Amino acid sequence: MIAAIDWTTVVNWISEPKHLFDAISFVLGLLYLFLEFKASIWLWPVGIVMPIVHSITYYKAGLYADFGMEFFYVLVAVYGFVKWRMGKVGEGKEKPIAHFPPMMAIVGVVAFAAVWGGIYYFLANYTDSTVPVLDAFTTALSIIAYWALAHKWAEQWLLWLVVDAVCTVLYIRKGIPFSSVLYGFYTVMAVLGYLNWLRLMKQQQ
């Protein structure tokens, strides 16, 4: 017979600051993903609030690179909103979905390698991070993915696919259950999101 759920214990567990902010991040993350999947410009306002909540969760978990980058993500969210809102010059429409330009992809790879190395060096030498390689990797690739998202390039989903898969494992190791489940879901949705954006891109043409 299945034991009855002790809801008092569950509530007390969620009420702990670490788990409470993790749970809030979970809800905001689902909303953000839904809006991103729909290519809705309203993902950016959510993208301003979500990093603030995430920063608290990551700091408590000792993920210092992720913590610091959340403030960068707030700025990117503002930039992304403006970029999407501008749309095509003179047409007053939202920016259309497009493919990642080949030359920009080369720039992205070089920038990723440089940022990953720089963040890793800082974490390994100036913090007590226990996962400097993976923390630096996901942070650096997230920067490139956000850049691609701000330009509304469909391949940004493929970058997030890698980030999300690595983060799922990383957050399980760091004991952040809600975020680990969320990023596991993100991993699956990154594939579906990419296919949906390709479909939307054909429709807009």
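Helices here are DSSP runs of H or I with at least four residues, numbered from the N terminus. Hi everyone, that one gets us started. What you see above is a predicted model, where local features need pLDDT of at least 70, side-chain atom pairs count only at pLDDT 80 or more, and totals for chains, interfaces and linings use all residues. Residues are numbered from 1 along each chain as its sequence is written, and side-chain values use heavy atoms, with hydrogens and water left out.

Now, the cavity. On a 1 Å grid over the protein atoms alone, a cavity is a set of points where a 1.4 Å probe fits but cannot get out, and lining residues have an atom within 4 Å of a point. Points are joined across faces, edges and corners, and volume is the space filled by probe spheres set on them. We get one cavity of 30 Å³ or more, and the largest cavity holds about 290 Å³. Its lining has 22 residues, with Tyr146, Trp160, Asp164, Tyr183 and Tyr186 closest to the centre.

Which helix gives the largest share of that lining? That would be α7, with six residues.

Staying on α7, which spans residues 156–173, we find Thr168. Thr168 counts as buried because its relative accessibility is 16%, the cut-off being under 20% relative accessible area with a 1.4 Å probe, protein chains only. Leaving aside residues up to four places away in sequence, Thr168 touches Ser180, Tyr183, Gly184 and Thr187, where contact means heavy atoms within 4.5 Å.

Lastly, α5 (residues 102–126): Gly108, Phe112, Ile119 and Leu123 are buried there, and their cover includes α4 and α6. Thanks, all!

How values were computed: Helix = DSSP H or I, 4+ residues; strand = E, 2+ residues; numbered from the N terminus. Buried < 20%, exposed > 50% of the residue type's maximum accessible area, 1.4 Å probe, protein only. 1 Å grid on protein atoms, 1.4 Å probe; cavity = no way out; pocket = protein on both sides within 12 Å on 5 of 7 lines; lining within 4 Å.
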